[in-house]
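Subject: Predicted structure for your review

Dear colleague,

Please find below the structure that I am handing over to you. The findings follow directly after it.

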Amino acid sequence: AAAAAPAATPAAAVAEGSLAIIAAARKRREAKVPVPQWHAPWRLSAVISGHLGWVRSIAFDPGNEWFATGSSDRTIKIWDLAKCSAGLEGGFLVALAGGISAPPGPAPCGRPPPHFIP
């Protein structure tokens, strides 16, 4: 009669599990990472100044007529997109101020501008 195979010890089971984990990690590491495609270098077209603090957020009007910036100076400013993108004077439209902390980020809503949902 054939002899029964010896029972696997707990240490052998742990070693087999560890080898399986290492093999899975190697397989993940060998996965192909997509190479980004080259594009033409970006160029700066205009610099817009007006906030006294760092600009922390920006939101664009769905109609691309205006955009809003939120800053750590506790203001939200509304800008004319066409004038600012062309580098023309008069791009600033209105400032909303009075918060106790920096705005979390303006987001245009369905109502006419300049209403925002924080």
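Leu93 belongs to strand β4, which spans residues 92-97. Strands (E, at least two residues) and helices (H or I, at least four) are DSSP runs, numbered from the N terminus. The model is a predicted one: local features need pLDDT of at least 70, side-chain atom pairs count only at pLDDT 80 or more, and totals for chains, interfaces and linings use all residues. Residues are numbered from 1 along each chain as its sequence is written, and side-chain values use heavy atoms, with hydrogens and water left out.

Overall composition

The protein contains two helices and four strands, and from the N terminus on these elements follow the order α-β-β-β-α-β. Of its 118 residues, 20% are buried. Here, buried means a relative accessible area under 20%, exposed means over 50%, and partly exposed lies in between (1.4 Å probe, protein chains only).

The sheet

The four strands form an open sheet in the order β1-β2-β3-β4, and their pairing is antiparallel. Strands β1 and β4 are the edges, each with a single partner strand, so one side of each has no neighbour in the sheet. On average, neighbouring strands are turned by 20 degrees against each other, direction ignored; the axes behind this value are lines fitted to C-alpha atoms (for helices over the stretch in contact), and angles between N-to-C directions run from 0 to 180 degrees. Two strands count as paired if DSSP finds at least two bridges between them.

Strand β1 (residues 55-60) is joined to β2 by five antiparallel bridges. Within this pair, Val55 stands opposite Ser71 and Ser57 opposite Gly70. On its other pairing, β2 is linked to strand β3 (residues 75-80), again antiparallel and over five bridges, with Trp66 partnered by Asp80 of β3.

Strand β2 (residues 66-71) is mostly covered, as six of its six residues are buried. In a regular strand, side chains alternate between the two faces of the sheet. Trp66, Ala68 and Gly70 point one way from β2, while Phe67, Thr69 and Ser71 point the other way, and all are buried.

Most residues other than glycine have a negative phi. Asn64, although not a glycine, has a positive phi of about 55 degrees. Arg74 is likewise not a glycine and has a positive phi of about 65 degrees. Asn64 is exposed, with a relative accessible area of 51%, whereas Arg74, at 43%, counts as partly exposed.

The loop between β1 and β2 also holds Asp61, which is buried at a relative accessible area of 12%. A polar atom of the Asp61 side chain lies 3.2 Å from the backbone nitrogen of Glu65. A polar contact is a pair of N or O atoms within 3.5 Å; within protein, one must be able to donate a hydrogen and the other to accept it, and residues adjacent in sequence count only if both atoms are side-chain atoms.

To return to Leu93: together with Val94 and Leu96, Leu93 makes a nonpolar surface patch of about 220 Å². Patches consist of residues with over 30% relative accessible area and no salt bridge, with nonpolar side chains (Val, Leu, Ile, Met, Phe, Trp, Tyr) joined within 5 Å and like charges within 9 Å. A salt bridge is a side-chain nitrogen of Lys or Arg within 4 Å of a carboxyl oxygen of Asp or Glu. The accessible areas come from the Shrake-Rupley method with a 1.4 Å probe, and for residues only the protein chains shown count as cover.

Leu93 is partly exposed, with a relative accessible area of 48%. Val94, also found in strand β4, is partly exposed at 32%. The C-alpha atom of Val94 is separated by 7.3 Å from that of Trp79, and these two residues are 15 residues apart along the chain.

With kind regards
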